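Work through the exercises below with the model open. Try each task before reading its solution.

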Amino acid sequence: MEEFSPGKPILVALAGWILPGSGYLIIGQRSRGITIGLTIIILFFLGLLIGGVRELEVPGYGPTANKIRVASRGGYGASEAYASDDLEEGPWVMTRHPLDEIRNKPWSIPQIMMGPIDLLCDMWSLQASQRVSEASHAIGTRSHSRTNEIGVLYTAVAGLLNLLAIIDSAYRAGQGGEAGKAA
Amino acid sequence: MISTILAYRPFLDPLPVWPNSVWPWLIVPLCVAVAIVYKSIRCRTMDRVPREAAGITFWILICMAAAAVALAVIVRGIVE
């Protein structure tokens, strides 16, 4: 029986977050890891294909990739503060009201469970949202209605399935590889 | 329709699937993926996964179709 190490489940969970399915590879369950990892990655990119990369809403940034900044109205205090991506000055919303901003974009929470893949796609989304010049449109097109809903659903479900895989692989690592050894 | 397809840029534009006859089919790949991951986690050996995932995909789709029919009947009953 493999000796239990308390750091191993954490390492396996971290690996599973960095690359979906890789947690299983570390504990020696190759076919399970490849099957789960490939399925989750394909599902995430299918979502981007359906809704377009701009369906990923990045907390702290507006629809045209400008930073959302906070300003207060006439010095009435924080309760009167408002945030907009049109403001040139003012503190970034993620430094002042990060929880409010993330609550405005709840799908970003399951999507971040995809790890660096989601972070890279968020950067791609911001790049596709930027206007080339003041008069021109952004490179990418925003999706609306059903295509947006289904695309976002795909990416969010991919993130949640990866969370499930992270928990399962970390649990198996904690059991010393005994759980599901037959894989 | 052809011009829309020709102008389509993958990942930069949303998939042109607006007609009501097309977009409901997008639920199928989602169900397949959920079934594969779920059964890969649950099954003790991976050789059982394809068969069990196919079974659970079938039942998810049947149940969702039944729920859709039931909801349609209820909505029509209320409206008409």
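This is a predicted model: local features need pLDDT of at least 70, side-chain atom pairs count only at pLDDT 80 or more; totals for chains, interfaces and linings use all residues.

Residues are numbered from 1 along each chain as its sequence is written, chains are lettered from A and ligands numbered from 1 in the order written, and side-chain values use heavy atoms, without hydrogens and water.

**Exercise 1.** Describe the interface of chain B and chain A.

Step 1. Count contacts (heavy atoms within 4.5 Å). 26 residues of chain B touch 40 residues of chain A.

Step 2. Take the buried area (accessible area, 1.4 Å probe, lost on being put together, summed over both parts). The two chains bury about 2,700 Å², 72% of it on carbon and sulfur atoms.

Step 3. Look for salt bridges (a side-chain nitrogen of Lys or Arg within 4 Å of a carboxyl oxygen of Asp or Glu).

**Exercise 2.** Examine salt bridges within the chains, with the exposure of their partners.

Step 1. Start with A:Arg103 and A:Asp100, paired at 2.8 Å, N to O. A:Arg103 is exposed at 63%; A:Asp100 is partly exposed at 35%.

Step 2. Turn to A:Glu101 and A:Lys105, also a salt bridge, at 2.8 Å. Both residues are buried.

Step 3. Finish with B:Arg48 and B:Glu52, at 2.7 Å. Shared partners join B:Lys39, B:Arg48 and B:Glu52 into one network.

How values were computed:
Buried means under 20% relative accessible area, exposed over 50%, partly exposed in between (1.4 Å probe, protein chains only).
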